[in-house]
Amino acid sequence: MNIELHIERVQSILDQMDLQKKCKFAAWCCNALIIEKKINENMTKITNSNVNYQLCDAIIKAGWYDFSQINIGISQKDINWNDDDPLNDMVETQGTIELLASIRNMLLGIQQKSSDSYYFAACAENVINWKDALANFPYSEDGKIEDENLKREYEIQLLFLDDLRNSIITLQDIKKYR
């Protein structure tokens with residue numbers, strides 16, 4: 001699958017939705033990253049705290065349930081770590097970076113409040129980037145699981161968007177297809 005064409009398709013579908021649905025999609029994408037155990041462990045190691053995870057989780061949940069409750073002034077700038085940390089060479093750090101970028105994209109999309117869905121679609125790309133990193137540096141011995149997860153990510157994003165467009169996503173569906 002061509003990632004550029006996929007993101008264009010995601011953006012085109014999102015352009016037809018209201019801001020609340022766009023936020024739900026972005027939060028769903030962000031949640032796919034934050035539920036990754038390796039990303040959580042890495043963020044805690046890098047920052048020596050669980051506070052950053054809690055902040056990210058709170059922003060994601062607010063995006064899912066009611067984006068108007070998000071304080072846009074709070075962003076990933078509040079989550080810092082030492083760029084010289086040796087953990088930065090780990091694949092999990094790529095996941096942490098994608099998580100923070102995805103949250104930033106969701107916040108920028110909310111801040112823009114425009115019909116342009118660029119930032120919300122970028123959240124989908126952040127998840128694909130993480131799945132691609134795993135496919136290139138797999139945890140499994142042969143990498144087949146990670147490669148299949150990457151291929152499936154394109155499909156489940158479109159399935160979720162279709163469900164969202166048809167208003168069959170419930171408040172309990174933040175982990176749907178995950």
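Reader: How many salt bridges does a search of the whole structure find?

Author: The search finds eight salt bridges. Keep in mind that this is a predicted model.

Reader: What lets two side chains pair in this way?

Author: Side chains of opposite charge can pair when their charged atoms come close. Take Lys61 and Asp57. Their side chains form a salt bridge, with 2.8 Å from N to O. The cut-off is 4 Å, so a nitrogen-to-oxygen distance within that limit counts.

Reader: Where do Lys61 and Asp57 lie, and how many residues apart are they?

Author: Both are in helix H4, residues 51-65, and they are four residues apart. That spacing is about one helical turn.

Reader: Is Lys61 buried, exposed or partly exposed?

Author: Lys61 has 29% relative accessibility, so it counts as partly exposed.

Reader: Which salt bridge does Asp147 make?

Author: Asp147 pairs with Lys151, at 3.2 Å from N to O. The two sit in helix H7, residues 144-165, four residues apart, or about one helical turn. Asp147 is partly exposed at 30% relative accessibility. Lys151 is partly exposed too, at 49%.

Reader: And which partner does Arg152 meet in a salt bridge?

Author: Glu155 is the partner, and the N to O distance is 3.2 Å. Here the spacing is three residues in helix H7, again about one helical turn. Arg152 has a relative accessible area of 36%, so it is partly exposed. Glu155 is partly exposed as well, at 44% relative accessibility.

Reader: Now the rings. How many aromatic pairs does the structure hold?

Author: Five aromatic pairs. One of them joins Phe25 and Trp28, with 5.9 Å centre to centre and 35° between the planes. This pair is tilted.

Reader: Where do Phe25 and Trp28 lie?

Author: Both belong to helix H2, residues 19-34. They are three residues apart, about one turn of the helix. Phe25 is buried, and Trp28 is buried too.

Reader: What kind of pair do Tyr118 and Tyr119 form?

Author: Their planes meet at 75°, so the pair is edge-to-face. The ring centres are 5.1 Å apart. Tyr118 counts as partly exposed, at 47% relative accessibility. Tyr119 is also partly exposed, at 25%.

Reader: Which residues do ring pairs link into a cluster?

Author: Phe25, Trp28, Trp64 and Phe160. The charged end of Lys24 sits over its ring, 4.6 Å from the centre.

Reader: Over which ring does Lys38 lie?

Author: Lys38 lies over the face of Tyr139, 5.1 Å from the ring centre.

Reader: Last, helix packing. At roughly what angle do the axes of H5 and H6 cross?

Author: Roughly 175°. Helix H5 spans residues 91-112 and helix H6 spans residues 118-136, and their axes come within 8 Å. The angle makes H5 roughly antiparallel to H6. Angles over 145 degrees count that way.

Reader: How do the residues of that contact divide?

Author: The contact of H5 with H6 has twelve nonpolar, eight polar and two charged residues.

Notes
Residues numbered from 1 in each chain as written. Predicted model: local features only at pLDDT ≥ 70, side-chain atom pairs only at ≥ 80, totals over all residues. Heavy atoms only, no water. Phe/Tyr/Trp six-rings, centres within 6.5 Å; stacked < 30°, edge-to-face > 60°. Buried < 20%, exposed > 50% of the residue type's maximum accessible area, 1.4 Å probe, protein only. Lys NZ or Arg CZ within 6 Å of the ring centre and 35° of its normal. Axes fitted to C-alpha atoms, helices over the stretch in contact; angles between N-to-C directions. Parallel < 35°, antiparallel > 145°, perpendicular 65-115°, else oblique. Nonpolar A, V, L, I, M, F, W, Y, C, P; charged D, E, K, R; others polar.
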